Amino acid sequence: QVQLVESGGGLVQAGGSLRLSCAASGSIFSRNVMGWYRQAPGKQRELVAAITSGGSANYAGSVKGRFTISRDNAKNTVYLQMNSLKPEDTAVYYCNADWVDDTESYRAYWGQGTQVTVLE
């Protein structure tokens with residue numbers, strides 16, 4: 001079983017910064033992708049940023065240049081540094097980890113979500 005535990009959400013003024021953390025535990029496949037998604041009220045969940053175990057990252061266009069994703073493989077932890085926050089970044093942010101294991105089985109796991117609220 002795999003568990004993802006997020007932390008670091010909160011309330012911040014526009015232009016401020018927050019750092020999210022997500023610690024994974026359990027049977028984690030070594031080659032994996034960890035990422036952050038977000039869901040605002042009335043909207044679909046969307047990818048914010050993702051990073052492979054090899055360190056390759058990709059970002060949604062709306063956050064590129066403002067957010068930075070990173071990871072510590074030794075700690076099975078992924079981080080999201082969010083700078084220059086805007087009110088439209090307000091959402092519940094979810095941590096995700098997924099992989100295809102040696103049996104070609106796809107596995108995906110989600111955290112419980114952490115609220116980020118950006119005030120104008």
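D102 and R31 are both exposed, that is, each has a relative accessible area over 50%, whereas under 20% counts as buried and the range in between as partly exposed (1.4 Å probe, protein chains only). The two residues form a salt bridge in which the closest N and O atoms are 3.7 Å apart; the term denotes a side-chain nitrogen of Lys or Arg within 4 Å of a carboxyl oxygen of Asp or Glu. This pair links distant parts of the chain, with D102 in the loop between β9 (91-100) and β10 (106-110) and R31, 71 residues apart, in the loop between β3 (18-26) and β4 (33-39). Strands (E, at least two residues) are DSSP runs numbered from the N terminus.

The model is predicted, with local features requiring pLDDT of at least 70 and side-chain atom pairs counted only at pLDDT 80 or more, while totals for chains, interfaces and linings use all residues. Residues are numbered from 1 along each chain as its sequence is written, and side-chain values use heavy atoms, hydrogens and water being left out.

By the distance rule, five salt bridges are counted. R38 and D89 meet through their side chains at 3.0 Å, N to O. Because R38 lies in strand β4 and D89 in the loop between β8 (77-82) and β9, their pairing ties together parts 51 residues apart in sequence. Both R38 and D89 are buried.

A further salt bridge joins R107 to D101, with the closest N and O atoms 3.6 Å apart. R107 is partly exposed, at a relative accessible area of 37%, whereas D101 is buried, at 14%.

Technical notes. Helix = DSSP H or I, 4+ residues; strand = E, 2+ residues; numbered from the N terminus.
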